[in-house]
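Dear colleague,

Please find the sequence and the structure below, followed by a summary of what was found.

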Amino acid sequence: MSKVFFPKLAKSGMTKNYKLYIPYLLSCIGMIMMLYIICALSYSETVATMAAGRDLAVILRLGVGVICIFGSIFLIYTNSFLIKRRYREFGLYSILGMDRKSIGRVVFWESVIVSFVSLFVGLFLGILFFKFAELFLIKIVEGAVTFSFKISAESVLITIGVFSVIFLIIMLKSLIMVGKARPLELLRTTETGEKPPKANFVLAIIGAGTLAFAYYNAVTIESPLAVLYWFFLDVVLVIIATYILFIAGSVALCKLLKKNKNYYYKKQHFVSVSTMAYRMKRNGAGLASICILATMVLVMISSSASLYFGENYALRARYPMDVEFSLRFPTFDGLLTDAPEKIDNIMEDIIKSENYKPAEVKTYKSAMITGLLDGDTLVPINYFSDSMDDFRAVYIIGLDDYNAYQDEKYELKDNEIILGTFRCNYKGDSLNIAGLDLKIKERSKSFDVFGDSVAIIVPTFYVVVKDLAVLKPIGDIKDADGANVLYSEYYYGYNYDERFSKEESIEFFHKIKDKFVHNDYITENEYIIRPSTIEEERSDFNTLYGGLFFVGIMLSIVFIFAAAVIIYYKQICEGYEDKARFSIMKKVGMTGRNIKKSINSQVLTVFFAPLLMAGMHLAFAFPVVWKLLQLFGLTTLWVVVVITLIAFVIYGIFYAIIYKGTAGAYYNIVSNE
Amino acid sequence: MSLLEVKNLKKVYSTRFGGNKVEALKNVNFTVEEGEFVSIMGESGSGKTTLLNILAALDSATAGSVLLDGKDFSKLKETEVATFRRDNLGFVFQEFNLLDTFSIEDNIYLPLVLADRNHKEMSEKIKPIAQRLGISDILKKYPYEVSGGQKQRAAVARALITNPKIILADEPTGALDSKSSDELLSLFKEVNKTGQTILMVTHSVKAASVASRVLFIKDGEVFHQIYRGDDTNEQLYQKISDTLTMLQTGGERK
């Protein structure tokens with residue numbers, strides 16, 4: 001046989017099966033393109049020179065890792081589906097006298113062609129679209145635009161390396177699959193009758209139970225820290241439950257419906273219920289995968305978008321004022337010294353000498369104590385470990401400072417307090433802080449003070465007392481190990497003078513900061529001074545959250561595309577199966593309209609079940625996601641809710657488009673006589 | 001009035017761009033009386049499948065008319081055709097055409113479900129039919145679990161359950177072994193005795209010889225017909241094969 005025979009046969013085999021091969025080839029090209037783009041971004045100089053650019057590169061490389069793992073699983077799965085669809089053709093080859101080795105050579109050449117074409121086209125498109133992606137990333141993280149155009153050699157090599165391995169695995173798998181199959185069986189694969197699926201009620205109940213447990217867990221977790229541990233377990237449980245429910249649960253449901261004779265023997269239900277029972281057994285796994293992919297996309301995009309769009313709120317919660325200076329004293333007594341007044345004086349001097357007048361100045365004194373909550377008593381403890389669900393940080397402020405800061409008019413008696421909670425709840429009506437018995441008079445939600453509490457990840461109480469002096473008795477209290485648990489703080493914050501630009505404001509901030517550091521008349525007491533300005537923090541936040549959002553978008557595109565390909569193959573596969581079935585029904589007296597209706601209800605159910613399930617997963621995952629976002633300092637619930645809803649709607653639209661496109665392919669096959 | 005009247009039926013197939021025209025049926029005329037069992041014979045390519053498809057309203061004629069009970073169903077709208085077919089015609093196919101996703105029982109119910117009957121009525125109807133056809137004990141099984149003969153009997157049951165005016169059978173013994181064929185044919189005969197009209201297309205002489213009348217089609221026309229009269233199956237068999245020999249050797253019309 002001539003040398004070109006096998007490559008030719010491989011080529012014609014693929015062109016004849018273009019309906020199957022084009023989506024596969026597109027998937028390969030798309031994955032390669034995405035891998036190159038994200039990889040090249042992580043190496044790009046533009047990223048390296050950004051604020052927090054190194055962290056952004058790490059986030060991007062995380063995306064590279066996800067694409068490598070997901071891409072290999074997805075392409076291997078898709079390819080084995082393709083090979084199975086072509087068993088008949090290979091069977092024919094072998095009947096026509098081709099031995100298994102020759103069929104292997106055809107498969108080999110097919111793999112070679114797919115690998116080369118997709119690597120070439122994928123890299124070409126990747127290099128072409130790299131600049132767009134970079135501009136998009138810059139837009140998201142609000143970085144500086146550059147106009148250089150460079151091909152990243154290391155990314156090209158990484159992409160080729162990764163995909164060579166993936167393609168090699170795929171080729172070996174195909175060869176093994178073809179090698180194992182028997183020629184005559186190959187010819188007959190699609191013709192043998194199939195047993196009706198047995199409903200496994202036990203498995204279905206286990207699936208439902210697992211899901212209920214995971215949901216219950218997700219909803220009832222109190223502390224954000226416990227979430228970190230449980231989240232992973234819940235994700236695994238939900239994935240398992242989804243597969244079980246789609247595979248076993250759906251068959252069991254169909255069986256139950258069949259038992260209800262008055263329901264089952266109705267024109268609208270008769271055909272769809274019985275075909276669905278069959279279909280689910282085989283395609284349940286595909287549907288479950290689609291559902292999991294959808295959930296992944298939704299959780300990923302809604303949380304990263306929430307971080308990105310909620311960034312301003314998070315930033316404001318962390319830094320309530322534009323510029324902040326705080327003096328932190330290791331005990332309560334520090335507040336009683338003249339250090340706070342000295343700060344005020346320094347600030348006033350500077351403001352006078354520079355003729356810089358802040359738009360607004362806020363100051364307050366506060367104290368913080370940490371401990372374990374036992375009933376209504378806070379037992380002081382100095383250190384913190386992840387397993388402490390009862391750990392609380394308690395921020396305490398005097399009534400006058402609080403009223404002034406929040407612009408409120410509360411009144412308190414000596415032992416009364418106002419309580420606010422963050423990342424936790426408190427139900428009691430009194431609180432004992434290290435021996436101080438305090439009665440809760442009011443509860444308040446408005447605590448814009450204590451930006452610090454947003455940055456640390458523990459559950460927090462905010463307490464307003466009549467006068468900070470009540471803390472004097474516990475001012476230098478120690479925990480069981482003799483370590484300090486209470487410190488006090490003086491806070492001085494101001495908002496920028498609006499007459500100045502941001503750059504000028506930052507310049508002023510640095511002048512003030514330098515004065516503090518070089519000024520030696522606040523050194524007599526032991527304390528830490530912490531200066532910060534929101535504008536400088538903003539660019540770090542932008543890069544990190546923007547980078548997460550960008551990777552979220554890129555990965556969502558990959559996942560949505562993958563879901564579309566899975567759906568497309570499912571439709572095609574079912575189309576061929578249903579074709580014969582519907583032609584029989586036509587002969588037995590079903591009208592074209594009946595058939596269309598039945599197809600519609602069937603396809604719709606099968607199609608939108610994963611989306612509904614994903615929506616349900618998302619709803620139950622929401623409390624967990626919200627708690628995780630709180631760890632990132634996000635405090636505005638409504639932002640997250642709105643963004644999650646928007647993400648679901650957008651995904652739904654994409655999904656409907658995919659449905660429209662692939663349902664067309666299905667109708668074409670079924671109605672083609 | 002005859003139950004089925006076929007008048008000047010003509011069917012011309014043209015290729016996609018109207019180039020070649022093939023005349024599958026030239027001019028077919030015949031009638032079927034109520035309670036008759038008619039076989040239509042012919043070689044492959046003679047037009048018998050086309051004829052059956054037109055009678056089954058699966059295909060439409062180029063010219064001519066088909067009247068069932070005096071009603072011309074080539075004039076029906078497409079939506080009415082399916083209902084008409086369901087209410088008046090029963091089908092038995094060579095390949096059984098049972099749905100593999102349904103149990104035998106559900107396969108038999110299919111036309112009734114499509115006609116919006118309730119389940120109680122269906123289950124009452126199926127009992128005597130299943131008993132008569134000897135499939136009562138396989139009703140709960142699935143098509144892949146039963147033999148070809150049983151499948152075909154299930155298909156007959158599906159055709160009978162709507163009390164059709166006429167049963168159209170297309171090579172019903174084509175995919176069966178000889179024992180199952182014999183059983184099916186005697187079943188047809190029995191069903192016919194209860195007054196059921198049957199029209200069967202076949203090229204098996206054995207199958208045709210069970211009928212009360214045999215029509216021969218050649219080159220798109222009814223070429224000849226034989227009435228059973230008082231003949232036994234064997235005598236009719238002989239007559240049919242003589243006719244076929246004559247047809248094949250190109251003899252003239254008697």
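The notes below take up the domains, the pocket and cavities, the aromatic contacts and the backbone.

This is a predicted model, in which local features need pLDDT of at least 70 and side-chain atom pairs count only at pLDDT 80 or more, while totals for chains, interfaces and linings use all residues. Residues are numbered from 1 along each chain as its sequence is written, chains are lettered from A and ligands numbered from 1 in the order in which they are written, and side-chain values use heavy atoms, with hydrogens and water left out.

Domains

Chain A is divided into domain 1 (1-191), domain 2 (193-316 + 539-673) and domain 3 (323-495); such bounds come from an automatic or database domain assignment. Between the C-alpha centres of domain 2 and domain 3 of chain A the distance is 47 Å.

Pocket and cavities

Rolling a probe the size of a water molecule over the atoms shows where empty space is left. The search uses a 1 Å grid over the protein atoms alone: a cavity is a set of points where a 1.4 Å probe fits but cannot get out, a pocket is an open set with protein on both sides within 12 Å along at least five of seven lines, and lining residues have an atom within 4 Å of a point. Grid points are joined across faces, edges and corners, and a volume is the space filled by probe spheres set on the points.

The second largest pocket holds about 1400 Å³ of space. Its lining comprises 46 residues, and those nearest the centre are A:Phe231, A:Met296, A:Val299, A:Met300 and A:Phe559. At least two lining residues come from each of helix 4, helix 9 (201-220), helix 10 (224-259), helix 12 (267-309), helix 18 and helix 19 (592-631) of chain A. Helices (H or I, at least four residues) and strands (E, at least two) are DSSP runs, numbered from the N terminus. Domain 1 and domain 2 of chain A each give at least three residues to the lining of this pocket. By class, 37 of its lining residues are nonpolar, eight polar and one charged, where Ala, Val, Leu, Ile, Met, Phe, Trp, Tyr, Cys and Pro count as nonpolar, Asp, Glu, Lys and Arg as charged, and the others, Gly among them, as polar.

There are five cavities of 30 Å³ or more. The largest cavity has a volume of about 110 Å³. It is lined by 13 residues, with A:Tyr24, A:Asn79, A:Glu110, A:Ser111 and A:Val114 nearest its centre. Helix 2 (18-43), helix 4, helix 6 (100-141) and helix 7 (153-180) of chain A each give two or more residues to this lining, and the largest share, five residues, is from helix 6.

The second largest cavity, of about 90 Å³, has residues of both chains in its lining, including A:Lys587, A:Val588, B:Arg85, B:Arg86 and B:Arg158. Strand 6 of chain B supplies the largest share, three residues. Six nonpolar, two polar and four charged residues make up the lining of the second largest cavity.

Aromatic contacts

Rings of Phe, Tyr and Trp (its six-membered ring) pair if their centres lie within 6.5 Å; planes under 30 degrees apart count as stacked, over 60 as edge-to-face and the rest as tilted. This rule gives 37 aromatic pairs over all chains. One of them, A:Phe81 with A:Tyr569, is tilted, at 4.9 Å centre to centre and 45° between the planes. The two residues are 488 apart in the chain, A:Phe81 in helix 4 (residues 53-85) and A:Tyr569 in helix 18 (residues 534-588) of chain A. A:Phe81 is buried at 18% relative accessibility, and A:Tyr569 is buried at 4%; buried means under 20% relative accessible area, exposed over 50%, partly exposed in between (1.4 Å probe, protein chains only).

Across the two chains, ring pairs join A:Tyr264, A:Tyr265, A:Phe270, B:Phe102 and B:Tyr109 into a cluster.

A charge sits over a ring if NZ of Lys or CZ of Arg is within 6 Å of the ring centre and within 35 degrees of the ring normal. A:Arg61 places its charged end over the ring of A:Tyr43, 4.7 Å from the centre, and A:Lys362 lies over the face of A:Tyr405 at 4.4 Å.

Backbone

A:Asp407, a residue other than glycine, has a positive phi near 60°. A:Asp407 lies in the loop between helix 15 (399-406) and strand 5 (416-422) of chain A and is exposed, at 66% relative accessible area.

With kind regards
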